[in-house]
Amino acid sequence: MLVSAKEMLTKAKEGHYAVGQFNINNLEWTKAILQTAQEMNSPVILGVSEGAGKYMCGYKTIVGMVEGMIEGLGITVPVALHLDHGSYEGALKCIEAGFSSVMFDGSHYPIEENIEKTKELVRITGEKGISLEAEVGSIGGEEDGVIGAGECADPAECKMIADLGVTMLAAGIGNIHGKYPANWPGLSFETLDAIQQQTGAMPLVLHGGTGIPADMIKKAIDLGVSKINVNTECQLAFAAATREYVEAGKDLQGKGFDPRKLLAPGVEAIKTTVREKIELFGSANKA
Ligand SMILES: [Zn+2]
């Protein structure tokens, strides 16, 4: 059964660790993440962007796949199925389809409109026991085609959104999506600290977890980050392992063309990445 992310993140904030959100793209991705979370006895959040939702033939298909897999694989750790960077309409569609968590990314709206739409979603998700993530200050890099720089959110605006009753809050602290450029100045811990002081017990979310050095991740967790999103890193690992298989000519040997063989090294690479992240975030044995 899918669960809201509220309880796992409240525990994470109290216990000074973070739960990973790993974005999914297909069956192999989902299976690799669920199996690894189960092996490590860790709670897990499966992230789905609107683009990935379309790719996987709609939110209902995804809910069916994930629920079926939880049963078929005997997954007992808490699993939240979460819309990543949703629009207002996208969030409503996911709620209807059976997602247990949604993000409404109103960061590109003026703060008043972000508040208005977030309020409405707080009401709807509250009635259904679904967790809600809001965002203040755009997170740099590419989000489904939109490219931004690594901005820092205004702590006072963060408090305004947190006070609406959202479950968790994503705030820009210089983080960006995708690969970090060589001249990236790093996370702004000063901003993170100020946000945490304003928002208290609210679990904070760090987007763009790919390539942030381990010591910065640990410090961010110390300062109140309880959910960390990982997407690009699994994609890079999957692509590299698949490339290696094909370049070694293994698809041409015997039944090496069988998709179950062809995709296996990529799946193993995703598992390795997820395992490393769960260890770094400290959520192993916290299920
Ligand atoms: Zn993000």
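A compact globule of 287 residues would have a radius of gyration near 19 Å, and this chain has 18 Å, so the two agree. That radius is taken over C-alpha atoms, and the globule rule is 2.2 Å times the number of residues to the power 0.38. Along the principal axes, the C-alpha atoms fill a box of roughly 60 × 45 × 35 Å.

Before going on, two remarks on the source. This is a predicted model, in which local features need pLDDT of at least 70 and side-chain atom pairs count only at pLDDT 80 or more, while totals for chains, interfaces and linings use all residues. Residues are numbered from 1 along each chain as its sequence is written.

Now the overall make-up. The chain has 12 helices and 10 strands; these are DSSP runs numbered from the N terminus, with helices (H or I) of at least four residues and strands (E) of at least two. Buried residues make up 45% of the 287. Buried means that 20 or more other C-beta atoms, placed from the backbone, lie within 10 Å of the residue's own; exposed means 12 or fewer, and partly exposed is in between. Of the contacts with a separation of 6 or more, 71% are between residues 24 or more positions apart. A contact here is a pair of residues whose C-beta atoms, placed from the backbone, lie within 7 Å.

Next, the strands. Eight of them close into a barrel with parallel pairing, in the order β1-β2-β3-β4-β5-β8-β9-β10. From one strand to the next, the twist averages 25°. For that angle, axes are lines fitted to C-alpha atoms, for helices over the stretch in contact, and angles run from 0 to 180 degrees between N-to-C directions.

Take β10 and its two partners. Strands pair if DSSP finds at least two bridges between them. Strand β1, residues 19-23, runs parallel to β10 and is joined to it by four bridges; Q21 has N229 as its bridge partner there. Between β9 and β10, also parallel, there are three bridges. L204 is opposite V225, and L206 is opposite I228. Six of the six residues of β10 are buried, so this strand is largely enclosed by the rest of the structure.

Helix α9 covers residues 214-222, and its buried residues are I217, A220 and I221. Why do they lie on the same side of α9? Because they cover an arc of only 100° around the axis, the arc being that of the directions from the helix axis to the C-beta atoms. An α-helix has 3.6 residues a turn, so residues three or four places apart point the same way. The cover over the buried residues of α9 includes α8, β9, β10 and α12. Just after α9, G224 takes a positive phi of about 110°.

H85 has a phi near 50° and lies in strand β3, residues 79-86. H85 is buried, with 24 other C-beta atoms within 10 Å. N285 has a phi near 60° and sits in the segment after α12. Is N285 buried or exposed? N285 counts as exposed, because it has 9 C-beta neighbours inside 10 Å.

Last, the core. The largest nonpolar core has 72 residues, and V102 and I270 are among those with the most contacts inside it. Such a core is a set of buried Ala, Val, Leu, Ile, Met, Phe, Trp, Tyr and Cys residues joined through C-beta atoms within 7 Å.

How values were computed:
Contact = placed C-beta atoms within 7 Å.
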